[in-house]
Amino acid sequence: MDLSDTADEAAFRDDLRGWLAANLPADWGQRTPEPGRWDEDFSRAWSKRLFDAGYAGLTWPAKFGGGGKPPSFQAIYLEETARVGAPDHIGVIGLGMAGPTIIAHGTDKQKAKHLKAILSAEQIFCQGFSEPSSGSDLASLRTKAVKDGDHYVVNGQKVWSSYAHIADFCILLARTDPEAENHRALTYFLLDMKSEGVTVRPLRQITGDPEFNEIFLEEVKIPADCVLGEVGAGWRVAMTTLLHERGTLGFALTARLDVALQNLMATARRTGADADPLTRDRLAGLWIEMQGLRYTAYRSLAGLARTGVPGPEASITKLRWSETNQRLTKLALELLGPDAQLDGEDGFWSGYWQYQQLRSRGNTIEAGTSEVLRSIVAERVLGLPRSR
């Protein structure tokens, strides 16, 4: 794979840099890193501006409102927005998971209803896969959907649903055939989160943020035309979602980790630790790990460009990124020494590293735990036999 920008890619990168410089606040580049997430209203407004400028859904087909560009343009977008610390599009799950799945399996009516609204941030999606008793083992989920005339009645509970507290729709897996076994009994729904019987309870995390959620479903009616794909074929549809989740997130996370490493270098200089040989050795180790992740992401990108479908090797990126991020943030707190105990305005960069270290704990759980990802790599990349 040629890693140099083509003429079109170079022009796109220059245009994007100019757009970011013109649209981010004037003092954006002089700000110190800040902990926490962006305000919802700000994020929705920023996402709409990205859509209006043509930067939302760069790889989606143009007939669905996307940019119709190859994956390399999305990689450039992620590199450039990470470089300046620009906010993410708020519809992360819609853009990276729900949208591509609707494009692959949806009816014309579903595509017309959801795709453009996802790009413009008018519809925010969450994911209703995990359950309290099944976690990442989707085939064992218990939420049931029973056909009743022209709709399904759904009862059950979901958990670890990012963005559910602000979501308009949910990509939901439920069991529709009590006689069939495991994955053959599942159906994939597009659930309106404003439906009667839907209750969302935010879960406050170790960071203090309530971004994960529980979803309780009690006698919820979902119209039959909100089934995505065929009834009983939900497992196959869900695999499309998960492939896109890891394939598209991998490069985004690598770009963000690169920025975090630059912040760590700045912290080492500010604290004087950059002169310590042992610290320099650990920083060098993280930089080497960063390069390994970067080129693994490029390899995954090459496969995506060749086949149009993210490959299982994207799981390597997610696994190694989440564990490297934990080591990086841990080193940052060690560099701060006793000052790491200060938080808020009293802390270094207002507690940026404290927040990042706490948040990194969830990175090895969300979007597939490290244990699940190791199984995927073992079976689908290395070709080893199944462990169970």
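The model described here is predicted.

Helix α7 also takes part in a salt bridge. Aspartate 258 and arginine 294 form this bridge, with the closest N and O atoms 3.1 Å apart. Aspartate 258 lies in helix α6 (residues 234-271) and arginine 294 in helix α7, so the bridge ties together parts that are 36 residues apart in sequence.

In the whole structure, 20 salt bridges are found. One of them joins the side chains of glutamate 79 and arginine 13, at 3.2 Å from N to O. Because glutamate 79 is placed in helix α3 (residues 71-83) and arginine 13 in helix α1 (residues 7-23), the pair ties together parts that are 66 residues apart in sequence. Arginine 13 counts as buried because its relative accessibility is 13%. Both residues of this pair belong to a network of salt bridges that links Asp5, Arg13, Arg17, Glu79, Glu80 and Arg83.

A further salt bridge is formed by lysine 194 and aspartate 168, whose closest N and O atoms are 3.1 Å apart. Here the link is between distant parts of the chain, 26 residues apart: lysine 194 is in the loop between β5 and β6, and aspartate 168 in the loop between β3 and β4 (169-175). Lysine 194 counts as exposed, with 63% relative accessibility, whereas aspartate 168 is buried at 12%.

Strand β7 (residues 212-223) pairs with strand β3 (residues 151-159) in the antiparallel sense, over 8 bridges. In this pairing, proline 223 of β7 stands opposite histidine 151. Strand β7 also pairs with strand β6 (residues 198-203), again in the antiparallel sense, over 6 bridges. There, leucine 217 of β7 has valine 198 opposite it.

Aromatic pairs number 14 in the structure. In the pair of phenylalanine 129 and tyrosine 188, the ring centres are 5.9 Å apart and the planes stand at 85°, so the arrangement is edge-to-face. Phenylalanine 129 lies in the loop between β1 (125-128) and β2 (144-148), and tyrosine 188 in strand β5 (residues 186-192), so this pair ties together parts that are 59 residues apart in sequence. Phenylalanine 129 counts as buried at 3% relative accessibility, and tyrosine 188 counts as buried at 0%. A tilted pair is formed by phenylalanine 348 and tryptophan 349, with 4.7 Å from centre to centre and 35° between the planes. Both of these residues are buried.

Ring pairs also link Phe12, Trp19, Trp46, Tyr55, Phe73 and Tyr77 into a cluster. Within this group, phenylalanine 73 has lysine 69 over its face, at 5.1 Å from the ring centre.

On the surface, Val381, Leu382 and Leu384 form a nonpolar patch with about 270 Å² of accessible area together. Leucine 382 is located in the segment after α10 (370-381). Its relative accessibility is 57%, and it therefore counts as exposed.

Conventions. Residues are numbered from 1 along each chain as its sequence is written. This is a predicted model: local features need pLDDT of at least 70, side-chain atom pairs count only at pLDDT 80 or more; totals for chains, interfaces and linings use all residues. Side-chain values use heavy atoms; hydrogens and water are left out. Patches are made of residues with over 30% relative accessible area and no salt bridge: like charges are joined within 9 Å, nonpolar side chains (Val, Leu, Ile, Met, Phe, Trp, Tyr) within 5 Å. Accessible areas come from the Shrake-Rupley method with a 1.4 Å probe; for residues, only the protein chains shown count as cover. A salt bridge is a side-chain nitrogen of Lys or Arg within 4 Å of a carboxyl oxygen of Asp or Glu. Helices (H or I, at least four residues) and strands (E, at least two) are DSSP runs, numbered from the N terminus. Buried means under 20% relative accessible area, exposed over 50%, partly exposed in between (1.4 Å probe, protein chains only). Two strands pair if DSSP finds at least two bridges between them. Rings of Phe, Tyr and Trp (its six-membered ring) pair if their centres lie within 6.5 Å; planes under 30 degrees apart count as stacked, over 60 as edge-to-face and the rest as tilted. A charge sits over a ring if NZ of Lys or CZ of Arg is within 6 Å of the ring centre and within 35 degrees of the ring normal.
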